[in-house]
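Subject: Structure handover

Dear colleague,

Here is the structure I said I would pass on. My notes follow below it.

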Amino acid sequence: MPQKAAKTKPLARRSKIEPYLYLAPATILVLLVFVYPIVEIFHTSLLQNTASGIKTLGLTNYRLVFQDPVFWEALGNNGKLLFSVPIMTVFALFIAILLFEHVRGWLVYRGIIFMPYILAIPVVGMTFVYLLGLNGIFNTLLRGAGLGFIAQDWLGSARWVIPSISVVIIYREMGFGVVLFLARLMSLEKEILEAAAIDGANWWQKHVYVTLPQLSGVIEFFVVVELITMLSWVFAYVFTMTGGGPGFASTVMEFYIWKHAFAFRSPGIASALAVVLLLATTFLIILQLRLRRRSFEEAA
Amino acid sequence: MKAGLRVITILVILSMTLVACGTANTGSNAKVDLTFWYWAESDAPGADAWMTETVAAYKAVKPNVTINIVPQSTDTLISAFQSAVTAKSGPDIASQWATGPVLGFVWQDAVAPISDYVSTDEMSNWLNTNENTYNGKVWGAPMYLIGIEIMYNKDMFAQAGVTAPTSGRWTWDEFLAACDKLKAAGITPFVAGDKDGYNGAWWFSHVGMQGLDSTDDLRQAIVGNKDFTDPHYTGWYSALDDMVKKGYFNQDVMSLDLSQGAQAFSQGKGAMSWGTDGMIKQALTDLGADKVGVMRTPTYGTGKLADAGNATQSITFFITKWSKHPQEAADFLAYLHTAERLSAWYKATGVIAADKRFDRTLVTDPVLQQMMQWETTGTQIWLENFLPGQLDSDADLTAGQMVFSQSGSPADAAALWQRAAETWRNQHPDELTNWKNWQQ
């Protein structure tokens, strides 16, 4: 008996360690890929190049960032871009429902609507640079239709540049929403919609009261993903279409971070900005999780 | 005895081999590999092909030296080298735009002064070395000169009854009167593109400079001893604003970038435009050699720099501090300035070389000869080079866009300069110290 106990002890110890050993490679990878860069960015955000070398200056970089009017302008531009999210969500929903109802050629339309999403952003950006110039195709069409008074320098005007970029982002990102919503619609039980129709619900009522509640989860997911996109994934649009101009009219947070990191030789400021952006994005993710939990609780 | 002799023979052979190897590694014929992060093609198309040819030619002169050319992209020219500086490892020779960018790296102790390795005699032939002179040393080698002046369409001038200045330069009033006539004749007086902000920066370097007495005058505002809102520095934005409001520019100025603006001139879409030697050469080809003339920027300011030229070496080649072969690197840079290579440079690129030994007879077009004359006579300052990068980007380029797009007034543009300078001073105490100590 004592001999048996002596034999099982190492085995028990091994079985306790074993799961951790299996987890170790993935854990190390996650730490290296995700945690280390975040820690490093936090650390760099506390450093500043001074005349006497690199010094840790606490929160000085954060203070300098918040004092910089360009930061607020960039943040404001990101904020304006957030308004694209409800617009693209409504459009994507509407198109997805139309396609779901199998309008003639819906498979072709689905492909066409999704196509911009698989195009590289610089390709989309450069195309729209040519489309939206003062003498670009869009204005030429407007003039041809006798609507020349509407023609604008869409990307060269401080007033119109953010709405114009929003349109391009909606054009590209909407395809993702359509495919996402359509996939969920395809999995709905048709009997419920048929029952609603038998009960006398018209097209509008059927979709507002029956379809949409069932799509709420996927809509929520899409909205949060797009909100994060508007905060931290619009660099390529801005870089290729406007370079942040005219003036700072289309400068967004990412573009501002890039300038400080690579053009202005101020990694401390860039890191502080990155931390601010990370916190804003994290806030959105937490908000989404809370909303989700609440909707589950309400459903229960 | 036989075995002992064999051992001695082997030892002698071994020691002789070692001695031979030692000589090969330390003598003047030692094998040397140099890496050159090279940029010039964007300024001077044909520059890459010329460099390939030059490296091959140098191999014949110095068989032991191998030059590895790594072409650099415009967008990452500064950031890539900054990464090398952080790692204290990278090329033996690098390229950066003159003055501000070069000195920025000098101050980070990443550059070896070329004047320590090249004779004063040789360097006395190089032009515009003042652009990279700091603390009594020259920090990099120029290769070519780029000047920017106004090119004009002779037919359009004739059509509008405008006579080009006989002295090569108008007063500002004469310039405005000509713009007025051209506009009345239905011709766009000045075509430009400022989507990328550089056209505004060119107005700063041409017109903004005319109010200043020296580059140090500008430095005083940069370091905070003077205020950028003083009309002395930014009052000229009113003149630019006035031109925009009067419709002297093409309406799509904010839809075009700098080079597209010049192309619009070559396509006959306007009577005047800024042009580098390359742009002017292109216009001469597109519009016809007898259709294009050049003139200097009209006189606007009354500062001591009002008459200064604006030719710049644009890019500078320099030796890195960590290079193990600074002398060999300097020898190669000096080789680029041999008469044969200078002539080959012009034949390949059409851009004049920054060297007194450059054979001027190669430039045969009278318009380009005139440009060369202006570029190599008198004081030459490209004012944009004397700005910290952040101020150039966040004030110079941006304020111009503000005026061209009419999203801000000249007063807003001036306030932006002041604000951007304050932000830069707060965010870069290290750079500020260097700028304060820089005796220009």
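Two residues are taken to be in contact if their C-beta atoms, placed from the backbone, lie within 7 Å. On that basis, 28 residues from chain A and 29 residues from chain B make up the contact. On the side of chain A that touches chain B, two or more residues come from each of strand 1 (47–50), helix 2 (60–67), helix 3 (69–82) and helix 12 (253–263) of chain A. Helix 12 of chain A gives the most, with three residues. By type, this side of chain A has 13 nonpolar residues (Ala, Val, Leu, Ile, Met, Phe, Trp, Tyr, Cys and Pro), four charged (Asp, Glu, Lys and Arg) and 11 polar (the others, Gly among them).

This is a predicted model: local features need pLDDT of at least 70, side-chain atom pairs count only at pLDDT 80 or more, and totals for chains, interfaces and linings use all residues. Residues are numbered from 1 along each chain as its sequence is written, and chains are lettered from A and ligands numbered from 1 in the order in which they are written.

Chain B has 19 helices and 12 strands, which are DSSP runs numbered from the N terminus (helices H or I, at least four residues; strands E, at least two). Its C-alpha trace spans about 110 × 50 × 35 Å along the principal axes.

Strand 1 (residues 32–38) and strand 2 (residues 65–71) of chain B run parallel, joined by seven bridges; pairing requires at least two bridges found by DSSP. B:W37 stands opposite B:V70 in strand 2 of chain B.

Regards
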